[in-house]
Amino acid sequence: METNWAAQNLETIRTLMERSALYRRALAPISTFVGGVGIIAAVVGRLLKLENLSYFSLYWMLVGVFALAGSLLLVRRQASRHGEKFWSPPTRRVAQAMAPALLVGLIVGLTTLATASTSDSEEIAEPVVLIWTVLYGLALHSAGFFMPRGIRLLGWGFLGEGLLLFIHFLITQSSGTNISSHFFMGVIFGATHLACGIYLYFTEPRKSAA
């Protein structure tokens, strides 16, 4: 009886370790791709001076759609390479966990786009960035219940960035200091994902070879 119990536990641990390694390999290129897109989009948005709230919302929603489509293509290519189904049960669970927060973020963006006028200044875009950051952090945290613990930690990281952005917003409201919201989008959604992707690239091969 105890032998069977120990064997089952060892099998469970082995499965979890294999699944964790698989997720790390899959997430490294996706995170790097999303990070690169975020940084480039922030630079382009700033150079094009898309500071108006309406243009800002539309621009970053299109960037989000592009990043999501690219990520899905990467997932599909990885699944095909390993002979697995693209829309597998684990993928469905992760998508269902992230859907509510991402849907609310989309509604916030569409509402902002529909109600903003051309007279809005870039200062108003900062709360939108804050809401998107917090919702994305919640989406990652929810997905983390079906993925390695690192995804939940990454979700907490985005929530922390949202808190820092909220503090910055309160300070700048009184001091009058202003920073382009494209900068925050580039740092939060670009640099954070890029750093995560680089970390996964440089840590996974050593653990796989062990």
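The expected span of a helix is 1.5 Å times one less than its number of residues. In this predicted model, helix α4 has 19 residues and extends 27 Å from its first C-alpha to its last, close to the 27 Å expected at 1.5 Å a residue. The chain as a whole contains 6 helices and 0 strands, and its elements follow the order α-α-α-α-α-α from the N terminus.

- Of the 210 residues in the chain, 41% count as buried.
- Among contacts with a separation of 6 or more, 81% involve residues 24 or more positions apart.

- Helix α4 is largely enclosed by the rest of the structure, because 14 of its 19 residues are buried.
- The whole structure holds 7 aromatic pairs. One of them joins Tyr 136 and Phe 158 in an edge-to-face arrangement, with 4.9 Å centre to centre and 85° between the planes.
- Tyr 136 and Phe 158 are both buried.

**The Phe 183 and Phe 184 pair**

- Phe 183 and Phe 184 also form an edge-to-face aromatic pair, at 5.7 Å centre to centre and with 70° between the planes.
- Phe 183 has 48% relative accessibility and therefore counts as partly exposed.
- Phe 184 has 9% relative accessibility, so this residue counts as buried. The cut-off behind this assignment is that buried means under 20% relative accessible area.

**Further ring arrangements**

- Phe 56, Tyr 59 and Trp 60 together make up one aromatic cluster.
- The ring of Phe 145 has the charged end of Arg 152 sitting over it, 5.0 Å from the ring centre.

How values were computed
Residues numbered from 1 in each chain as written. Predicted model: local features only at pLDDT ≥ 70, side-chain atom pairs only at ≥ 80, totals over all residues. Heavy atoms only, no water. Helix = DSSP H or I, 4+ residues; strand = E, 2+ residues; numbered from the N terminus. Buried < 20%, exposed > 50% of the residue type's maximum accessible area, 1.4 Å probe, protein only. Contact = heavy atoms within 4.5 Å. Phe/Tyr/Trp six-rings, centres within 6.5 Å; stacked < 30°, edge-to-face > 60°. Lys NZ or Arg CZ within 6 Å of the ring centre and 35° of its normal.
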